[in-house]
Amino acid sequence: MENMHEQEIDLMELWAAWNKRRAFVGKITAGFVIAATAYCFLVSPTYEATSTVRIRPQKGIGSSLLDMAGGNINAQAVNTYMEILKNRVVIDGAIARLEKTGNEKYVEEAENLDKKIKVATVKNTELVSIAVPSKDPEYAQKANQALLDSFLETLTKAERQQYSLTRQFLEGRVSEAKKEMNKAEDNLGEFQKEHKIISPENTVQMAAEKMAMTDKLKAQNRIDMESASAMAGAIDGQMKGNTRAIADNGTLQAYNTQLAKLESQRIEYAAKYTAKHPAMVKINQDIDSLKAKMDEEIQRIARLETNSGGVYNEMLANKLKSEAEASVARQNLASLETIENDFKKDIDKLSDSNKEHLRLLRDVTVSQEIYTMLAKRLEEAKVAEVSISRDVQIVENPIVPEEPVAPRKARVIGLAMLLGFFLSSAYAVGKEMFNRTIKTSEDVANYLGLPVLGEIPDFDGLEKNMANEKKTSFMDKIGGIF
């Protein structure tokens with residue numbers, strides 16, 4: 001009971017101490033509120049332009065299996081792109097775009113763009129929010145748009161570089177092929193004119209068709225091999241050789257060997273059957289099925305190797321595909337060499353004139369096929385270079401913000417009021433509690449050990465007591481009357 005009484009006295013002392021200085025508390029709290037209000041109305045408002053993009057990493061069957069097994073491929077891909085977005089190359093590209101506006105204020109503020117941008121995922125989704133704050137709402141919008149454009153351009157350059165190398169290679173080959181085709185056609189025309197040949201003999205025609213088929217396949221596989229090798233080499237250079245190769249994976253090696261055998265068998269069938277023959281249809285289906293399995297395995301390896309997704313995953317997958325294509329084309333050329341040797345045995349039975357005519361026909365056919373094939377490949381490479389799919393999709397472009405994001409007046413004033421009240425209350429109570437001066441007759445007896453002979457009452461307190469006594473006496477009289 002004694003402890004409870006002492007605790008009650010302590011609480012009363014705290015209340016008395018605060019109540020004694022409540023005017024001080026009120027003044028300090030009001031001062032905080034006034035200062036916060038002045039800050040809200042004097043400080044320049046801050047605006048924030050936001051944009052949203054969606055990260056769509058390439059997904060294959062391999063990645064789906066990894067996701068079901070508890071992998072976090074998408075989150076890693078999003079984090080990778082977020083880091084790219086804050087990369088110095090992207091920032092410099094955005095600053096360059098702002099400098100082109102000619103607005104000196106924009107140029108000056110753009111120097112600190114890297115310190116201002118805010119990049120964050122939206123509720124653990126594939127969406128990424130990009131925010132740029134500024135005192136100028138128009139600059140915030142333009143800076144955000146410049147950053148977005150620079151980001152997409154940087155990704156596009158990385159993706160297109162490999163296609164650019166392929167296009168350059170094909171452009172050189174097309175020019176050479178056209179010269180060879182024109183020369184072959186001129187030689188054939190001169191020979192036919194000299195020997196007065198209007199159309200080739202049946203034997204020569206049949207031999208020419210067989211050789212043309214073989215030469216076409218050889219040319220196609222040679223171009224496949226050279227293009228695939230160039231692509232694989234270019235990607236390996238971009239990735240600085242720190243990637244896997246087909247030889248490092250037993251499954252890919254096995255698939256590649258099976259594919260080479262099927263391709264060789266298809267070449268043999270092509271010399272005997274038409275494209276609609278059941279044997280040709282069946283082997284084409286087998287080859288397509290095996291290629292699909294190889295693609296799945298390549299995607300799985302690429303996901304595991306890069307552990308991120310996006311551009312780098314696609315680059316590694318393209319490298320592995322190119323290596324596989326080059327290997328198959330190389331083995332196809334060996335098979336075609338064997339078939340060609342068999343054809344030569346029949347050609348040796350022809351006359352010298354027919355042999356020469358056949359050779360010239362063959363040169364024209366081959367050069368035309370090569371030129372046509374290269375020209376087609378070149379057009380495909382040009383289209384791929386300018387219209388490749390990107391992993392980043394713009395969901396929302398930035399607009400000029402109308403409402404400021406700071407200062408938030410209601411929040412600032414509310415916090416200032418609470419802060420002023422608690423600080424001033426703590427100071428008032430603390431100052432009173434730590435005041436060790438003697439205040440009452442009990443303090444004299446307790447601290448000094450001296451007897452109290454009398455007290456000089458406080459004048460205000462005396463008047464108050466007298467007023468209370470008069471009031472009590474008056475009430476007693478009224479009570480006696482009634």
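Start by selecting W15, W18, F421 and F422: together they make one aromatic cluster. Rings of Phe, Tyr and Trp (for Trp, its six-membered ring) count as a pair if their centres lie within 6.5 Å; planes under 30 degrees apart are called stacked, over 60 edge-to-face, and the rest tilted. The structure has six aromatic pairs.

Before moving on, a word about what is on your screen. This is a predicted model, where local features need pLDDT of at least 70 and side-chain atom pairs count only at pLDDT 80 or more, while totals for chains, interfaces and linings use all residues. Residues are numbered from 1 along each chain as its sequence is written, and side-chain values use heavy atoms, with hydrogens and water left out.

**Stop 1: two ring pairs**

Select F24 and Y427. Their rings form a tilted pair, 5.5 Å centre to centre with 40 degrees between the planes. F24 sits in helix 2 (residues 22-42) and Y427 in helix 14 (residues 409-433), so the pair links parts of the chain 403 residues apart. The cut-offs are under 20% relative accessible area for buried, over 50% for exposed and in between for partly exposed, with a 1.4 Å probe and protein chains only.

Now go to Y81 and F151. Their ring centres are 6.5 Å apart and their planes are at 85 degrees, so this pair is edge-to-face. Y81 belongs to helix 4 (residues 73-85) and F151 to helix 8 (residues 137-195), so the pair ties together parts 70 residues apart in sequence. Both Y81 and F151 are buried.

**Stop 2**

Zoom in on V392. Leaving aside residues up to four places away in sequence, V392 touches V53, R54, I55, Y81, F151, L152 and L155.

**Stop 3: a loop**

Find E111 in the loop between helix 6 and helix 7 (113-116). E111 counts as exposed, at 56% relative accessibility.

**Stop 4: the largest pocket**

Select Q220, D224, K291, E325 and R377. Of the 40 residues that line the largest pocket, these are the closest to its centre. Helix 9 supplies the largest share of the lining, 11 residues. The volume of this pocket is about 1400 Å³. On a 1 Å grid over the protein atoms alone, a pocket is an open set of points where a 1.4 Å probe fits, with protein on both sides within 12 Å along at least five of seven lines; lining residues have an atom within 4 Å of a point. Points are joined across faces, edges and corners, and the volume is the space filled by probe spheres set on them.

**Last stop: the whole chain**

Zoom out. The protein chain has 16 helices and four strands, and 36% of its 482 residues are buried.

Conventions
Helices (H or I, at least four residues) and strands (E, at least two) are DSSP runs, numbered from the N terminus. Contact means heavy atoms within 4.5 Å.
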